[in-house]
Amino acid sequence: MKSDLRERRAAAGESQAALAEAVGVTRQTINAIERERYDPSLELAFKLAAYFDCRIEELFDPTLDGKSRANEAEQN
Amino acid sequence: MTTNQATKYDPLTYRRLSTACFLLASAVLFLGALAGYLYVAIAVYAVLCVAGFGIRRTADVTLFDERDRRFHDRASGSAVSIVSYTGLVSVPVVVGLAVAGYIPLPPEWFGFMMAFPALMGVYLVAHVYHRYR
């Protein structure tokens, strides 16, 4: 899952370790999220969004392959 | 090496120490049993396991998080699946060949045949527990 976690963290001047401690995970997990090697749980995603004072949709950008009502409405 | 400024200790060091305790405990138990010092090996094994768990409990930093738990869950599931499918195929084949007289049935095989359904039973209990709790 794509995210701009690295950019937001850098803009805030925070290290991976500091962010990890703030949200209760290991530095390796933060690194894995930034490298798009790990998708966080809903709980962790909410914690990260709250930490950067933004919405989850602004922080993470999932690539959804399934259909959505909006897509079906456009096609019809 | 990244350090936790609040505690001044590296979480990775705690993890490595704890893991080393468990690995050493396993090695001591295995080698001690082989060498014939089973009771000594068990005692050292117990001490090292307590040390390993003690490090995890007393460390004031996050050592294992959701990502580690996810890896653990997936690895556990894979291990059960591998043992299950291996036993599902191998047990009937080996028993059939032994009954037909093609191969001898070693006594260790009976241990595996007892352990296999025991593992499935534990899995079933754990599955029901997590599903209905």
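Predicted model: local features only at pLDDT ≥ 70, side-chain atom pairs only at ≥ 80, totals over all residues.
Now colour two helices of chain B: H3 (66–99) and H4 (107–132). Each of them supplies at least two residues of the pocket lining. Colour the lining by class next. Five residues are nonpolar, four are polar and one is charged.

Move on to the interface. Show chain A and chain B together. Here 14 residues of chain B are in contact with 14 residues of chain A. How much area is buried between chain B and chain A? The figure is about 1,000 Å², and carbon and sulfur atoms give 47% of that. Search the pair of chains for salt bridges and the count is zero.

Next, select Thr26(A). Find this residue in the loop of chain A between helix H2 (16–23) and helix H3 (27–34). Is Thr26(A) buried or exposed? Thr26(A) counts as buried because its relative accessibility is 4%, below the 20% cut-off.

Finish with the surroundings of Thr26(A). Leave aside neighbours within four places in sequence, then display the contacts. From chain A there is Ala20(A). From chain B there are Arg15(B), Thr62(B), Leu63(B), Phe64(B), Asp65(B) and Asp68(B).

Methods: Residues numbered from 1 in each chain as written. Chains lettered and ligands numbered in written order. Heavy atoms only, no water. Helix = DSSP H or I, 4+ residues; strand = E, 2+ residues; numbered from the N terminus. Buried < 20%, exposed > 50% of the residue type's maximum accessible area, 1.4 Å probe, protein only. Contact = heavy atoms within 4.5 Å. Nonpolar A, V, L, I, M, F, W, Y, C, P; charged D, E, K, R; others polar. Buried area = accessible area lost by both parts, 1.4 Å probe. Salt bridge = Lys/Arg side-chain N within 4 Å of Asp/Glu carboxyl O.
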